[in-house]
Structures are given as C-alpha cells and as structure tokens.
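Here's a quick briefing to read with the model open next to you.

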Amino acid sequence: AAESFRQAVKTRPDFVPPYLEVARRQLAAGAPDEALALLGEGLKARPDDPSLLCALAEAQLAKGDAAAAEASARKAREKGAPAPRAAALEATALARQLKFEAAAKAAEAGRLALGDETGADAETLEAVALVAAPEKKHATPAEIAARGAALVRLGLRAEGAAALKKALAAEPTQPAAAAALGLAHVVITSVDRDDLRDGGAQHFA
C-alpha cells in the first residue's frame, strides 16, 4: 500500500484520494502526527481542497488541537465541503473548547443540511446538540447518562465520565452509563434491610 501511494503521488502529486486513504489508515492506527504530515504535503499541491481540509481537521482533533481543527473545518466549509461533514467537525472542535453556544449553531446548520440522512456525522451533530443544551435541574439518570455519552463521543472524556458516574450513582443499574464507561459488570453493594424478609433483595431484582 505504501509503495502504491508513493507511485500515485509521484505520478500525480495533486491527486487527492491517495492522501485521504493513507491518512485514514494512519488515524485508525493511532498515528495523527503521520497523518498531519501527509495531509500537509497534499495541501501544498491542493491548498483549497475541501476533502483534504476535512481530513486535516479530523487529524487535528485526533492530535488534540481543537482550535486548529475549528479553523480547518471552517475553511473546508467555505471551500465547498459537504455541509454535514464540515459542520460535524467544526461543532466538535468548538465543543472541545467548551464554546457550546457556537457549537450548537454549527450543529444546527449541519442538521438542516443533513435532512433525514443517518450516519456518523448525524450522530455527532446530535451529540453536540445534546451537550450544548442547558442542563436540566432535575434530569433523570437516563438523561444524565445520555449527556455523558455525548460528551465522551465529542472527546470531552473527563466531563463525560463524571456525568456517567453521576448517572450510575443515582441508578446503579443504568445500562447506558455502564456501557458508555465500558463496564462489562457492575457490582452493587448494600446493607441488609433487617425490616424486610428478603433483606432488601427485591429492590435490585
């Protein structure tokens, strides 16, 4: 694959697909620095290519540079990238910077362009909308868990984990919170209820 890429770039250095495919593989392998370097080479030949700019934003998010990802995603949108994709990247970058109001606006624009389509971008835009909405004072454990899962999806892992643990504290059997935290098993401890014949076991049945 590496040799094929080198041949493709040597023949046509401005041909975008090889850069995108190899960068995708590098990100999947957990190598954002390599992806960033590769996409930088591609952007030298095609500085305004919206696909390369979207891939760059994704790599910058993987690297943890939300501010740079925001700028790349915005430029991708301005250069004609599909609105849902660019909006999902921009909204995620804004959310990671805790700019929730701006993230909500970007997400809404993306959701309007998305229509009835489903997929990863739709899920990301939905997560941004959920996180950007004001927290309810009396949210249910399921609502808290949903918010926590959305925070984790957007890369706000510490905030997401805190919300998920809060949901589990309120409802130890909350399945969404346990799943989002990656828990295969949840052990519940409790004192015996001496006033009940079953010791309180029915509460957990």
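Predicted model: local features only at pLDDT ≥ 70, side-chain atom pairs only at ≥ 80, totals over all residues.

The protein chain has eleven helices and zero strands, and its mean pLDDT is 85.

**Overall picture**

- Reading along the sequence, you get the pattern α-α-α-α-α-α-α-α-α-α-α.
- The protein chain runs to 205 residues, and buried ones make up 35% of them.
- The accessible surface of the protein chain is about 12000 Å², with 55% of that belonging to carbon and sulfur atoms.
- If you take contacts between residues at least 6 apart in sequence, 44% of them join residues at least 24 apart.

**Confidence**

- A pLDDT of 70 or more is reached by 86% of the residues in the protein chain.
- Helix H5 has the highest mean pLDDT among the elements, at 96, while helix H11 (residues 175–180) has the lowest, at 66.

**The nonpolar cores**

- As background, nonpolar side chains in soluble globular proteins tend to be buried together.
- The largest nonpolar core here has 22 residues, and the members touching the most others are Leu39, Leu52 and Leu89.
- Five helices each supply at least two residues of this core: H2 (16–28), H3 (32–45), H4 (50–63), H5 (66–78) and H6.
- H4 gives the largest share of this core, with eight residues.
- Apart from this core lies another one, of 18 residues, including Leu94, Ala103, Leu114 and Val128.
- Back to Leu89: leaving out residues up to four places away in sequence, Leu89 touches Cys54, Ala57, Glu58, Leu61 and Ala73.

**Ser72 on helix H5**

- Ser72 is found in helix H5, and it counts as buried because its relative accessibility is 8%, under the 20% cut-off.
- Setting aside residues up to four places away in sequence, Ser72 touches Leu53, Leu56, Ala57 and Gln60.

**Helix H8**

- The buried residues of H8 are Asp121, Ala122, Thr124, Leu125, Ala127, Val128 and Val131.
- Which helices do those buried residues pack against? They pack against H6 (83–96), H7 (100–114) and H9 (141–153).

- Thr124 lies in helix H8 and has 13% relative accessibility, so it counts as buried.
- The side chains of Thr124 and Arg153 are joined by a polar contact of 3.4 Å.
- Ignoring neighbours within four places in sequence, Thr124 is in contact with Ala88, Thr92, Arg153 and Leu154.
- Val131 also lies in helix H8, and its relative accessible area of 2% is why it counts as buried.
- Val131 touches Phe100, Arg147, Ala150, Leu151 and Leu154, again not counting residues up to four places away in sequence.
- Val131 and Leu98 sit 33 residues apart in sequence, and their C-alpha atoms are 9.9 Å apart in space.

Methods
Residues numbered from 1 in each chain as written. Heavy atoms only, no water. Buried < 20%, exposed > 50% of the residue type's maximum accessible area, 1.4 Å probe, protein only. Helix = DSSP H or I, 4+ residues; strand = E, 2+ residues; numbered from the N terminus. Contact = heavy atoms within 4.5 Å. Polar contact = N/O pair within 3.5 Å; in protein donor to acceptor, adjacent residues only side chain to side chain. Areas by Shrake-Rupley, 256 points an atom, 1.4 Å probe, with all protein chains shown as cover. Core = buried A, V, L, I, M, F, W, Y, C linked by side-chain atoms within 4.5 Å. pLDDT = per-residue confidence, 0-100.
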